[in-house]
Amino acid sequence: MLSSSWPARRPRSRPARAGLLLAAALASLPSPAAANGVFPSADQLVFDPADPARAVARMTYGLLTTQDGGASWRWICEGAVGYDDTGGQAPPIAVAADGRVLAALGDGLVVGAEGGCAWTGAEELAGKAVVDLSVRQGDPSHAVAVAAGDRHVLWASRDGGASWARAGAPLPAGFQARTVDVAPSDPRRVYVSGLESAGGSVKGALARSIDGGETWETATVPGSTTSREPYIAGVDPLDADVLYVRIASAPGRLLVSTDGGASFKSAFETQGFVRAFAISPDGATVAVGSDIDGVFRAPSSTLAFERVSGIAPRCFAWTEAGLYACASEFLDGFTIGLSVDGGATFEPLLQQACLGGPLECAASTAVGALCPSDWPRIALMTGHKDCTPDAGSPAAGSGASGSAGASGAGGAGGASGAGGATAASGGGASADSGAGAGGAPGVPGGGAAPSAAGGCGCGAAGAGAGWAGVVAVAGLAAAIARRRAAGRARSRPSA
């Protein structure tokens, strides 16, 4: 079980060098290579419930997968999954039974098998706009999805996504779903957040079913509208009546309900967006992340939040191994990191220049047929380099631990343990994490930890050609300007 108390640490501040970095980047570095115009980053991370060393990350240029707890990462192109990055899609993903990776698309639901090499569409949902999906924590054979239409409809799978069927009655008329989740402690309790049209107005709402979708009742989510949409952040792993909803706006808010969504109260407020949320596997602690204010942690019993880190998380996933975060690589020194002290420090697990290339698959599979030819574009965009320990010493100023430390992250110790799924959130739609990761110290699942001294050794500041300079131009300048304007205002719990 994870403890809900850690030694207090003072978050470190970022150096104010935006002007110099901006000028240097403008003078010497190329434009973005990403076809969708979005800076390369991760915004969802999910784990395989049966294999704690395997995880899948949703990127702005496809998916990444690791089979060794984050020691190495491979790329799965968007075309193999079935969507086009020029459309700016960010499909919600989850990992179900038998290692199947599920992705919700605008024209159906796709299932990745054979380690992520082979992708096929779920016939039952072909042509339907799948808004969101979720795999029930503790039972990876149970998955749910919501499909749009004249009436939005809940679909369910009891075999890990291999087959699907409509579950009960359609959602109430006028209800437009955004996220869906199943209570870990009660498989018949389903929550759907979205917008509800009633009386000529549209407002944020939560639909709840206590019988697996046979009947629905709705309640208003306070403070949510078409410009402040409600997204399910997580459901307590032990109490089906306790759920968290984040409001997608800036300033942002996290709401909590202790009566199954009938009523809500404010739990957390921030100057920026609430982009990341997770509940520890034992339900004792919650973590929330803001793109301006940093990482906050609180006992779930009090929701008295304290700021523990200054990184700008884009997603969380909390497993028995610790708290994983997606972050801004240029600002925080890593794209995905692991914290074993409740979010106070993070050990970098992924720096994008260190990607190992496309996932190695047979040419007869979608990944094997489509991804290798597109890899040169991704390699250029990420500043790809050989990050193996014998590839030479890291370039000066490129150390992952140094970059992370300067931004309030880095240097976390080893981690071990396996199993233990948890609710997590990041990106646009809901995100569900599966089993925890475990293995050798420093890298859950075994293998050598990528670090400044060995392994990756390619921090964002020294990534070379590619996207790091572009991030310097826009990412750093914009982020620091926003943070200076907003200040380091501490978020506060509400009664």
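Predicted model: local features only at pLDDT ≥ 70, side-chain atom pairs only at ≥ 80, totals over all residues.

Student: Okay, and which residue forms a salt bridge with Glu229?
Tutor: That's Arg178, and the closest N and O atoms of the two are 2.8 Å apart. Arg178 sits in strand S13 (residues 175–182) and Glu229 in strand S17, so the pair links distant parts of the chain, 51 residues apart. Arg178 is partly exposed, with a relative accessible area of 21%.

Student: Why would such side chains pair at all?
Tutor: Opposite charges can pair when the charged atoms come close.

Student: How many salt bridges does the structure hold?
Tutor: Eleven. One of them joins Asp291 and Arg275, with 3.4 Å between the closest N and O atoms. Asp291 is in the loop between strand S22 (285–290) and strand S23 (294–299), while Arg275 is in strand S21 (residues 274–279), so this pair ties together parts 16 residues apart in sequence.

Student: And how accessible are Asp291 and Arg275?
Tutor: Asp291 counts as buried at 12%, whereas Arg275 is partly exposed at 29%.

Student: What about Asp374, which residue does it bridge to?
Tutor: Arg377, with the closest N and O atoms 2.9 Å apart. Both lie in helix H4 (residues 366–382), three residues apart, about one turn of the helix. Asp374 is partly exposed at 24% relative accessibility, and Arg377 is partly exposed with a relative accessible area of 24%.

Student: Switching to the sheet now. In what order do S17, S18, S19 and S20 come?
Tutor: The order is S17-S18-S19-S20, in an open sheet with antiparallel pairing. Strand S17 (229–235) and strand S20 (265–270) are at the edges with a single partner strand each, so one side of each has no neighbour in the sheet. On average, neighbouring strands are turned by 25 degrees against each other, direction ignored.

Student: How many bridges hold for S19 and S20?
Tutor: Five, in the antiparallel sense, with S19 covering residues 252–257. Gly252 stands opposite Thr270 in S20.

Student: Last one, the whole chain: how many helices and strands?
Tutor: Six helices and 30 strands. Of its 495 residues, 58% count as buried. The chain exposes about 17100 Å², and carbon and sulfur atoms supply 53% of that.

How values were computed
Residues numbered from 1 in each chain as written. Heavy atoms only, no water. Helix = DSSP H or I, 4+ residues; strand = E, 2+ residues; numbered from the N terminus. Buried < 20%, exposed > 50% of the residue type's maximum accessible area, 1.4 Å probe, protein only. Areas by Shrake-Rupley, 256 points an atom, 1.4 Å probe, with all protein chains shown as cover. Pairing = 2+ DSSP bridges. Axes fitted to C-alpha atoms, helices over the stretch in contact; angles between N-to-C directions. Salt bridge = Lys/Arg side-chain N within 4 Å of Asp/Glu carboxyl O.
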